Amino acid sequence: MPANKNAVTRYYILDKLLANRYRNYSVADLCELVNEELKERKLKASIRTIQYDINYIENSGPFLAEIERYQVDAVSKNNPNLTVKKDCLRYADPSFSIFKKELTDDEKYLLREAFSLLGQFDGLPHLEGLEQLRSSLNIKDARKIISFTKNPLENSTLLGELFTAISQQQVIELYFHTFADADNVKQVILHPYLLKEYNRRWYLIAAATDTSKLLIFSLDRIDKVVPLPAYKYVPYDGDINERFEDIIGVTLYDDRPLQTILFWVSDVSKDFVKTKPLHESQRHYKGEKEETLRQQYPMLEGGYFFSIECVENYELIRELTSFGKDLIVLSPDDIRSRVIQRVNEMYQAYNNKKD
């Protein structure tokens, strides 16, 4: 049976799916996923075609792939409260590929460099198969030439577990606690979307399965992650990173407006703020606009005038007050008032310590 171009495309997609150890695919699942990728090429495959393709991959001369059949418990599509047996299939050897080829010397070199960088993140080296690949490429612990500031987690594999769940689109059951009630472990079923680092702390952004509400969890308050392969994963609609473009930090609000925040920075800190912006939208005012601002605020000598466009949250106010007297918020009034309130609360707290 000679393979035409369309068949080779299906083989390529099936090859990736059959090697996946993080999902349990039935023939119907494979057909659905193959058609999702074929949609861009305006092609479609029937379930019978996919069955023929699997048989060809398994029994043909060029391939002779060893495919194992097994069953798992799955949630019934007709009744979410009912668990049924699901017939699944996959490569017996997850490293097998019908398109496998030897790496070039350049590819091996690039992989070694990538591993030396990834190895500096706690948790990532614990991903399944990573150490085996590291060994096969003869990668040893190299001296660090890039240093990252990290907040070490008690559960060092957690970052890797969540990375795997997101990359493999797995629903997870998350066990977590709060700082206020550390002994009360709670649990929630989630669709994980993103791992985000801010201020030396990692956060998981995920949607709850029951409400679809976007939730944020600090990794140092997560106790355990349990993959739930029987649940159908629902991807985020759009680019999840866009939700964080208009804020500093990770605290999200859906009902707060985007504001242009004008501030002045003294000569002591102006170059620091200029070269390390508070936000990607930061703008440094020069020329005619700067002259107008200096006439408007004659009491502010030297320094630079900047603006950022952000939605107000806790991290924004904390960042603006972190420079002390070297950063003064000029507008809008509500942001300026919140900064003044925070400064006054700090002043009051220090005065109370004297009593």
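Which residue in strand 5 is the bridge partner of Lys196? I found Tyr203 as that partner. I am working from a predicted model, where local features need pLDDT of at least 70, side-chain atom pairs count only at pLDDT 80 or more, and totals for chains, interfaces and linings use all residues. Residues are numbered from 1 along each chain as its sequence is written, and side-chain values use heavy atoms, leaving out hydrogens and water.

**Sheet.** I then followed strand 4 (residues 186-198) and strand 5 (residues 201-208), which pair in the antiparallel sense over 8 bridges. Strands are DSSP runs of E, at least two residues, and helices are runs of H or I, at least four, numbered from the N terminus. Two strands pair if DSSP finds at least two bridges between them. I read the open sheet of 5 strands in the order 6-5-4-3-7, with antiparallel pairing. Strand 6 (214-218) and strand 7 (222-227) are the edges, each pairing on one side only.

**Tyr12.** I placed Tyr12 in helix 1 (residues 5-18). Tyr12 counts as partly exposed because its relative accessibility is 46%; buried means under 20% relative accessible area, exposed over 50%, and partly exposed in between, with a 1.4 Å probe and protein chains only.

**Cysteines.** I looked for disulfides (pairs of cysteine sulfur atoms within 2.5 Å) and the structure holds 0. Cys88 counts as buried because its relative accessibility is 2%. Cys310 is buried too, with a relative accessible area of 0%.
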